[in-house]
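Here is a short report on a single protein model.

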Amino acid sequence: MPPSPGGAGASPCPASAARRWFSRLARHRLCTAPGFQGIPEPDARLPAVVPDVLLVPLLAATLAGGRLGQGKGFYDRTLATTPAFAVGLLYVVQLVEALPLDPWDRALAALATPDRWIVP
């Protein structure tokens, strides 16, 4: 079941050594600094948080919640260590019938397209 509405927002910060995403509380976009690969991310001095909901980018997904990521494993490692309600963000054309999944892959709790909400 998804968490209740409300709460604070956080932005992902890659920890390159651990190859995981850490969320940092960032209430204003000016609290960012160039980070991994020059991508703006919350300042490392901001508090780390464990998200209740995780919005996950992907290349493809199945209706059962399987996902094909972008190949670096950041979200795979994060999903393996957080109880967050994971929502895959995609377009309908990214839905496929099957994907090669590994034993450590965690299914997404939901999929969101611009016009559909899909719960596996």
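The largest cavity has a volume of about 50 Å³. This is a predicted model, in which local features need pLDDT of at least 70 and side-chain atom pairs count only at pLDDT 80 or more, while totals for chains, interfaces and linings use all residues. Residues are numbered from 1 along each chain as its sequence is written, and side-chain values use heavy atoms, with hydrogens and water left out.

**Cavity**

Rolling a probe the size of a water molecule over the atoms shows where empty space is left. Here a cavity is a set of points, on a 1 Å grid over the protein atoms alone, where a 1.4 Å probe fits but cannot get out. Grid points are joined across faces, edges and corners, and the volume is the space filled by probe spheres set on the points. The structure holds 1 cavity of 30 Å³ or more. Which residues line the largest cavity? They are Arg67, Asp76, Leu79, Leu101, Trp104, Asp105 and Arg106. A lining residue has an atom within 4 Å of a point.

**Chain overview**

The protein chain has 1 helix and 11 strands. These are DSSP runs, numbered from the N terminus: helices are H or I with at least four residues, strands are E with at least two. The order from the N terminus is β-β-β-β-β-β-β-β-α-β-β-β. Of the 120 residues, 35% are buried. Buried means under 20% relative accessible area, with a 1.4 Å probe and protein chains only. Contacts are heavy atoms within 4.5 Å. Among contacts with a separation of 6 or more, 54% join residues 24 or more positions apart.

**The sheet**

Four strands form an open sheet in the order β6-β9-β10-β11, with mixed pairing. Strands pair if DSSP finds at least two bridges between them. β6 (53-57) and β11 (117-118) are the edge strands; each has a single partner, so one side of each lacks a neighbour in the sheet. Helix α1 (residues 74-81) packs on the sheet and touches β6 and β9. Its direction makes about 155° with that of β6. That angle is taken between N-to-C directions on a 0 to 180 degrees scale, using lines fitted to C-alpha atoms, for helices over the stretch in contact.

β9 (residues 85-89) pairs with β6 in the parallel sense over 5 bridges. Val53 stands opposite Phe85, and Val56 has Gly88 as its bridge partner. β9 also pairs with β10 in the parallel sense, over 3 bridges. In β9, 4 of the 5 residues are buried, so the strand is largely enclosed by the rest of the structure.

**Two buried loop residues**

Thr82 sits in the loop between α1 and β9. Gln94 lies in the loop between β9 and β10 (110-112). Thr82 counts as buried at 10% relative accessibility, and Gln94 at 17%. Their side chains make polar contacts, here N or O pairs within 3.5 Å with one atom able to donate a hydrogen and the other to accept it; residues adjacent in sequence count only if both atoms are side-chain atoms.

| Side chain | Backbone atom | Distance |
|---|---|---|
| Gln94 | Leu58 oxygen | 3.1 Å |
| Gln94 | Leu59 oxygen | 3.2 Å |
| Thr82 | Ala84 nitrogen | 3.3 Å |

Beyond neighbours within four places in sequence, Gln94 is in contact with Leu58, Leu59, Ala60 and Ala61. With the exclusion of neighbours within four places, Thr82 is in contact with Val50, Pro51, Leu54 and Arg106. Arg106 also lines the largest cavity.

Key:
Buried means under 20% relative accessible area, exposed over 50%, partly exposed in between (1.4 Å probe, protein chains only). On a 1 Å grid over the protein atoms alone, a cavity is a set of points where a 1.4 Å probe fits but cannot get out, and a pocket is an open set with protein on both sides within 12 Å along at least five of seven lines; lining residues have an atom within 4 Å of a point.
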